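Please open the structure in your viewer and keep the selection tool ready.

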Amino acid sequence: MTLEQLYLTVLLAGLILLASIVATRAASRVGLPSLLLFLGVGVIVGEDGLGLQFDNYLLADHLGTVALAMILIEGGLTTRFSDIRKVLAPAGMLATVGVVVSMLITAAGAHLLLGLDWQLSLLLGAVVSVTDAAAVFSVLRVVPLPRRVAGLLEAESGFNDAPAVIFVLMFSVTPLEISPVHAFVELVYELAAGAAIGLACGFLGAFALRRIALPASGLYPLATFGIGMVAFAAGGSAHASGFLACYLAAVVLANSGLPHRSATRSFAEGLGWLAQIGLFVLLGLLVDPSELGAAILPGVVTGLVLLLVARPVSVAVSLLGFKVPWREQLFLSGAGLRGAVPIVLATFPIVGGVPDSVYLLNIVFILVVVFTLIQGPSLLPLAGLLGLIPKEATREIQVESAPLDVLDAELLTMTVQEPSKLHNVTVLELRLPDPSVITLIIRDGRTFVPQPDTRIAIGDELLIVTTAKTRAEAERRLRAVSRKGKLAYWFDEFGEAE
């Protein structure tokens, strides 16, 4: 590559990045998942668009794998262990038993309805059985779900990549030979070893970072993210699940009380977005729109089997015995978003030389595009229809502020909705735990600083500053008063999450 070609390549990459960022802004305004626009950018720039040719499936496989690891690390660094601690068992079932059930039902549907041979059917089932971490994490940023539901989705999307990768690699061998005993042993080893490596890297990394004074604060986010990548590479080198290892390492690091936590999360979020943009544009380049016509009907049929049968059955089977309400199970069934992960996994059979695997990639591409368009915008209305958005729900706001970072403080926002009994309660009567405080109230488009005798009203948006240690107590107090009024404790209402 000459110097001029290098400049041209960098210029093109920069323009694609900026176009994708602008597309993200446009997507958020119209309620579309941004991943579709990233894919669209790749398709437009590709061979049938502006003419950029890219068909190196092996390179896409490798780059996609690394990008997925970065996305999982970002998800782990923004996950609160308190949110997923009580749902680890059901999330583990969704990520293992759920993947198997969803894979088998989807494979049977593809074989019977589309006439695909069993190898392609099993590959298709394994590829689309996994939920996408990037898509799930983006949904959780805008849908204020109960902690149990949000925690289940977070943990499932963080855990289920590993089993799906194992099954896809197993079915990508030609000729197809499956030993159930060998498959089970390999699955158990990869998950157990990956979890052990991830936890070890996370705890050792947290121990070191708490005791090493780095010369610049900007090095802490780099070191934290680097530990996650080390866990990913160590897991892969040990023939274990690198995806599970990096996610667990990131969760441990995020919940170890490390310095500069806000800066680390912002840095991880930026890298996560970069990985998503690069990954989706790359996957868009792989697909030739002129070849997608034959895959439209199979993609839609497979998606319907997955959405209406495979996913609901897998959720119901996985959550047997966990007493999860039917409303939450219904939402979990509809929230199984697919994104980059299935498309990346669909490149594995191509690299493995499986016949008709490019056709499989086209089917997966159509499925992801069509059903992301259907599922993504519908999740917020679905959560509201099922009554899963609490009236007293708070959402975290990410802010860049050194004082807040030094104090380990957090900024929350909460909208007072009917029939909340926060109405007419004064700020003083609310009695938030020290040092939590309502800093601003937005009422009818007007912003003001409340006084102790200011009365809260329906429709108010409250901005609350609290600390990591008192956040849970502050949220419980808000829920208690919202449910029973300022004398909530007298009525044995202590604001526990439902």
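Three cavities of 30 Å³ or more are found when the whole structure, a predicted model, is searched. Begin with the second largest cavity, whose volume is about 100 Å³. Select Leu306, Gly336, Arg338, Phe371 and Gln375, which lie nearest the centre of this cavity among its 13 lining residues. The lining consists of six nonpolar, five polar and two charged residues.

Next, select helix H14 (296-318) and helix H18 (357-385), each of which supplies at least two residues of this lining. Helix H18 gives the most, with five residues.

Remain with helix H14 and select Val309, which is found there. Val309 counts as partly exposed because its relative accessibility is 38%.

Select Arg311 and Glu156, whose side chains meet in a salt bridge at 2.7 Å, N to O. Arg311 belongs to helix H14 and Glu156 to helix H8 (residues 147-159), so that the pair links distant parts of the chain, 155 residues apart. Both Arg311 and Glu156 are buried.

Move on to helix H21 (residues 471-484), where Glu475 and Arg471 lie four residues apart, about one turn of the helix. Their side chains form a salt bridge (3.4 Å, N to O), and both Glu475 and Arg471 are buried.

Finally, select Arg483 and Glu493, whose side chains meet in a salt bridge of 3.3 Å, N to O. Arg483 lies in helix H21 and Glu493 in the segment after H21, so this pair ties together parts ten residues apart in sequence. Glu493 is buried, with a relative accessible area of 15%.

Key: Residues numbered from 1 in each chain as written. Predicted model: local features only at pLDDT ≥ 70, side-chain atom pairs only at ≥ 80, totals over all residues. Heavy atoms only, no water. 1 Å grid on protein atoms, 1.4 Å probe; cavity = no way out; pocket = protein on both sides within 12 Å on 5 of 7 lines; lining within 4 Å. Points joined across faces, edges and corners; volume = space filled by probe spheres on them. Nonpolar A, V, L, I, M, F, W, Y, C, P; charged D, E, K, R; others polar. Buried < 20%, exposed > 50% of the residue type's maximum accessible area, 1.4 Å probe, protein only. Salt bridge = Lys/Arg side-chain N within 4 Å of Asp/Glu carboxyl O.
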